[in-house]
Amino acid sequence: MPMDSSRLQQLLQKYWEGETTLEEEQLLKDYFQSNEVSDELRDVAAMFQYFNQAKKNNLNDITFDRTLIDKVSAKPNEGRARNLVFNSMRIAAGVVVVIAATWFIRNEIRQSTPQEVIDTYDDPKLAFEETKKALMMISKSFGTAQEQAKKINLFNEAQEEIQKAPTNN
């Protein structure tokens, strides 16, 4: 259905401002469902087509209801394998963080320290101070990693509490 471009622009402006009537919205829907949409409005047409398709997906579908009820009433033990995999991935990620932090710190120390100092230390006190400095750098990195691990642990505890909570039927 052909529509005057100025009328179309007016309707679109009203639509974006949330001031269209149901009849005006239907005019826009009909226009964007047609094959006469101009190239500059193809994105808008895609949006209206998406809305039309989404409207056809009815949430009152019996399979949707059954799937939702099955997931809500699932026993907590059914997710144990998934939790094991998730926890294993967390541990692996922590190990990767530690290895990466060690590698970066080692490279930083090598770049900031003269070559003569890296090879040997004649003075034991100087060697002790340099070792202490390196360990402090590692300690700071572990502190940051530990803070992040606490956040993850807090999230997991909350998730477990939610899973343990009784469901209302």
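Which residues form a nonpolar patch on the surface? F64, L68 and V72 do, with about 260 Å² of accessible area together. This is a predicted model, where local features need pLDDT of at least 70, side-chain atom pairs count only at pLDDT 80 or more, and totals for chains, interfaces and linings use all residues. Residues are numbered from 1 along each chain as its sequence is written, and side-chain values use heavy atoms, with hydrogens and water left out.

**Fold**
- The chain has seven helices and zero strands (DSSP runs of H or I, at least four residues, or of E, at least two, numbered from the N terminus).
- Of its 169 residues, 12% count as buried (under 20% relative accessible area; exposed is over 50%, partly exposed in between; 1.4 Å probe, protein chains only).

**Surface patch**
- F64 sits in helix 4 (residues 62–72).
- F64 counts as partly exposed because its relative accessibility is 39%.
- Patch residues have over 30% relative accessible area and no salt bridge; nonpolar side chains (Val, Leu, Ile, Met, Phe, Trp, Tyr) are joined within 5 Å, like charges within 9 Å.
- A salt bridge puts a side-chain nitrogen of Lys or Arg within 4 Å of a carboxyl oxygen of Asp or Glu.
- Areas are Shrake-Rupley values with a 1.4 Å probe; for residues, only the protein chains shown count as cover.

**Second largest pocket**
- About 280 Å³ of space lies in the second largest pocket.
- Its lining includes R90, G94, Q148 and N153.
- Helix 5 (80–112) and helix 7 (124–164) each supply at least two lining residues.
- Helix 5 gives the largest share, six residues.
- A pocket is an open set of points on a 1 Å grid over the protein atoms alone, where a 1.4 Å probe fits, with protein on both sides within 12 Å along at least five of seven lines; lining residues have an atom within 4 Å of a point.
- Its volume is the space filled by probe spheres set on the points, which are joined across faces, edges and corners.
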